[in-house]
Amino acid sequence: LKLECEKLASEKTEIQRHYVMYYEMSYGLNIEMHKQAEIVKRLSTICAQIIPLLTQEHQQQVVQAVERAKQVTMGELNTAIGQQLQHLSHHLTSVPGNSHPSGTQPAGLMAGSATSGLLALTGTLGNQPQLSTKEEQGKI
């Protein structure tokens, strides 16, 4: 009976540890979401201030790109991040002298890294309007 009681007490302690860990993760994600929402608000304000300064043609392109960005699904976002990471890792492995001495990738460049994912996302979304602008400039 005493052994069973100790076992239950250790299980209770383990469950409490998990609860605290999940609570901390939830709190951290909530803070991160608020940060991201603030960034979106600030970038939207900047776009709203800059768009009127563009030519009519470029205004249309930017408005279309912004509307498209608002409709991006999680699947599309994950695909874009995965493509950027593959592209990045391909370039890093093809450039001599860029490999890590241990023969592995540095931690910041691993596919599961949130930082590299955000950097890839920034590159993906940042390149999209530039491509259409360059294409339009080539037609002029």
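At 33% relative accessibility, Glu76 counts as partly exposed. Here, buried means under 20% relative accessible area, exposed means over 50%, and partly exposed covers the range in between, with a 1.4 Å probe and protein chains only. Arg68 is also partly exposed, with a relative accessible area of 35%. Glu76 and Arg68 form a salt bridge, in which the closest N and O atoms are 3.0 Å apart. The term salt bridge stands for a side-chain nitrogen of Lys or Arg within 4 Å of a carboxyl oxygen of Asp or Glu. Elsewhere, salt bridges that share partners join Glu38, Lys41 and Arg42 into one network.

## Basis of the description

The structure is a predicted model, in which local features need pLDDT of at least 70 and side-chain atom pairs count only at pLDDT 80 or more, whereas totals for chains, interfaces and linings use all residues. Residues are numbered from 1 along each chain as its sequence is written, and side-chain values use heavy atoms, with hydrogens and water left out.

## The chain as a whole

The secondary structure of the chain consists of 4 helices and 0 strands. Both kinds of element are DSSP runs numbered from the N terminus: helices are H or I runs of at least four residues, and strands are E runs of at least two. Along the sequence, the pattern reads α-α-α-α.

The chain has 140 residues, of which 9% count as buried. Among the contacts in the chain with a separation of 6 or more, 53% are between residues 24 or more positions apart. A contact here means heavy atoms within 4.5 Å.

Helix 2 comprises residues 56–70.

Gln59, Gln61 and Ala65 are buried in helix 2. Seen down the axis of helix 2, the buried residues fall within an arc of 165°, so they line one face of the helix. This arc is taken from the directions that run from the helix axis to the C-beta atoms. Gln56, Gln64 and Lys70, on the other side of helix 2, are exposed.

When neighbours within four places in sequence are left aside, Gln59 is in contact with Ile51, Pro52 and Leu54.

Val66 also has its place in helix 2. Its relative accessible area is 28%, so Val66 is partly exposed. Between the C-alpha atoms of Val66 and Cys47, which are 19 residues apart along the chain, the separation is 9.0 Å.

## Salt bridges within helices

The structure has 5 salt bridges. One of them joins the side chains of Arg17 and Glu14, with an N to O distance of 3.0 Å. The two residues are 3 residues apart in helix 1 (residues 2–50), which means that about one helical turn separates Arg17 and Glu14. Arg17 is exposed at 53% relative accessibility, whereas Glu14, at 33%, is partly exposed.

In helix 2, Lys70 and Glu67 are likewise 3 residues apart, and thus separated by about one helical turn. They form a salt bridge whose closest N and O atoms lie 3.4 Å apart. Lys70 is exposed, with a relative accessible area of 61%, whereas Glu67, at 38%, counts as partly exposed.

## Cysteines

The structure contains 0 disulfides. A disulfide is a pair of cysteine sulfur atoms within 2.5 Å. Cys5 is exposed, with a relative accessible area of 53%, whereas Cys47 is partly exposed at 33%.
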